[in-house]
Amino acid sequence: MSGDGLYIGLMTGTSVDGIDAVLARVGKRDFQLLAHQGSPLPDTLRDDILKLCRSGPDEIDQAGHVHRQLGEAYARATQALLTQSGHRPEQIHAVGCHGQTVRHRPGDLGFSVQLGCPDTLAVRTGIPVVSNFRNKDMVLGGQGAPLVPRFHQRLFGAVAHRVAVVNIGGMANVTLLDEGKLIGGFDTGPGNVLMDLWIQRHQGEPYDRDGAWAAGGALLPDLLNSLLADPYFRLPPPKSTGREHFNEDWLQQRLPADANARQVQSTLAELTVRTIANALNDFAPQRLLVCGGGANNQYLLARLHALLDIPVCSTEDFGLHPDWVEAGAFAWLAWARIEGETGNAPAVTGASRAAVLGQLTLP
Ligand SMILES: Nc1ncnc2c1ncn2[C@@H]1O[C@H](COP(=O)(O)OP(=O)(O)OP(=O)(O)O)[C@@H](O)[C@H]1O
Ligand SMILES: CC(=O)N[C@H]1[C@@H]2OC[C@@H](O2)[C@@H](O)[C@@H]1O[C@H](C)C(=O)O
């Protein structure tokens, strides 16, 4: 029986800013977005998730609670999407649920932990759930991330001869496509995560809307150089990273005592765009497509255009709004699991082979 049909994708990313949910029609040659919805996470749950992103006491109990609570939150998000779009659970083949990453440790005996209980989600909604997408790739020697490049390839492979796609979420990751062939992809480093925490601390805003605060400050060249000196940026791919490395402590250790807050914000924005631009230098794309929340930041887009001197545009111009690309990828990965198709790209993660990803949980 063909697995082509309706799928839901759920994403909660490293920004921990909420649940992105999409409903899509997915088939071998087909990806059609039918509905989408973003829902915020309750503040207390967000705080508990952020605590779990760093080592601390009582982690197992805390993780268990968050796992169950997130499962309930994913179920509510799924039900809201079904109500909004006028669909019934029986019409949906599966939900692809990424979960919330709280630890990502690529390497020897590497592992990646995503919370969000699939049993809760499957039982509450009556829909099969595909989850735990990253760990098989890691057992095969891969990074377990990024996983969206195969989806980027399907959607954007024909946009230009050499096209790069960058997701600017909490972290940033690039996909390199040459004549429709997926030739690479990796995490470049921090996307919005450092800018978010800095503006939260100094302005009480959740993020720097349109990069307006960053845009008005002068760069701090010494700070920029000290941030760029982190060895991660020089590591050859395959590579992936997260909040375990790029976090408040990482920034604090590099900050001069009397730094001007707005100038720090400009410098953090510049770190994000320089590390993306540097990562694309060798590939020399003809066009850059941007997705993730950072695609809404006009200042970041303008700086990327200035550094790369190629057209820089939103994925919306090529059919999918930047806010829904990652959740879309997990709807597609759920389809791949049900169809028995591989989901990872060894050229990206470094895994020894392509593999069918994810575990299936029945209601
Ligand atoms: N209008 C805007 N102006 C500036 N920044 C924005 C805007 N809208 C969203 N963002 C940024 O995008 C972030 C959210 O991006 P996104 O939802 O893609 O991240 P994520 O999926 O959590 O992360 P990741 O891709 O690393 O898993 C916000 O935290 C904010 O920094
Ligand atoms: C471990 C983890 O959750 N990594 C995320 C994170 O957010 C962006 C970047 O780092 C990317 O590698 C990945 O997410 C997307 C969905 C991916 O796997 O492609």
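1. A residue is called buried if 20 or more other C-beta atoms lie within 10 Å of its own, exposed if 12 or fewer do, and partly exposed in between, with C-beta atoms placed from the backbone. By this count aspartate 58 is exposed, because it has 8 C-beta neighbours inside 10 Å, while aspartate 210, with 14 such neighbours, counts as partly exposed.

2. The model is predicted, so that local features need pLDDT of at least 70 and side-chain atom pairs count only at pLDDT 80 or more, whereas totals for chains, interfaces and linings use all residues. Residues are numbered from 1 along each chain as its sequence is written, and chains are lettered from A and ligands numbered from 1 in the order in which they are written.

3. Phi is near 60° in aspartate 58, and phi of aspartate 210 is also near 60°. Most residues other than glycine have a negative phi, and most peptide bonds are trans.

4. Two cis peptide bonds deserve a look: one joins alanine 145 and proline 146, with omega about -10°, and another joins proline 237 and proline 238, with omega about 5°.

5. Of the 363 residues of the protein chain, 50% count as buried, and the C-alpha atoms fill a box of roughly 60 × 50 × 40 Å along the principal axes.
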